[in-house]
Amino acid sequence: GADRTLLGPQIASHFAFLEGELARREWFAGPEFTAADIQMSFPIEAADARVGFAGRLPRLRGFVERIQARPAYRRALEKGGPYTLLK
């Protein structure tokens, strides 16, 4: 159906683009962490939870790990509590 012929290839193309961007630098908008990374963090974290980037998209997986290791991220979880992303 539409998932296999249209959505799947489009999503794969977008992830490949994002992976390529992170091959050029550690963060999305440049060498330093910015608001762009905050905005990208949840959709990328949700996508990783749903499909798992591990071996296929190591730079996106690394991005998720760097975001989750940030002190502010950890403080937010302490304050708001953990959350679960649906798979």
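At what angle do α2 and α3 pack, and how far apart are their axes? In this predicted model, in which local features need pLDDT of at least 70, side-chain atom pairs count only at pLDDT 80 or more and totals for chains, interfaces and linings use all residues, the two helices pack at an angle of about 115°, with their axes 10 Å apart. Axes here are lines fitted to C-alpha atoms, for helices over the stretch in contact, and angles run from 0 to 180 degrees between N-to-C directions. Residues are numbered from 1 along each chain as its sequence is written, and side-chain values use heavy atoms, with hydrogens and water left out.

The protein chain contains 4 helices and 0 strands, arranged along the sequence as α-α-α-α; helices (H or I, at least four residues) and strands (E, at least two) are DSSP runs, numbered from the N terminus. Of its 87 residues, 26% are buried, where buried means under 20% relative accessible area, exposed over 50%, and partly exposed in between (1.4 Å probe, protein chains only).

Where α2 and α3 come together, D37, M40, S41, I44, E45 and D48 of α2 meet L60, R61, F63, V64, I67 and Q68 of α3, a contact being heavy atoms within 4.5 Å. The residues of this contact divide into 6 nonpolar, 2 polar and 4 charged; Ala, Val, Leu, Ile, Met, Phe, Trp, Tyr, Cys and Pro count as nonpolar, Asp, Glu, Lys and Arg as charged, and the others, Gly among them, as polar. Within α3, the buried residues are L60, G62, F63, V64 and I67.

Leaving aside its neighbours within four places in sequence, L18 is in contact with F28, M40, I44 and L60. In soluble globular proteins, nonpolar side chains tend to be buried together.

Towards the end of the chain, T84 lies in the segment after α4 (71-80) and is exposed, with a relative accessible area of 72%. T84 and A49 are 35 residues apart in sequence, while their C-alpha atoms are 9.0 Å apart in space.
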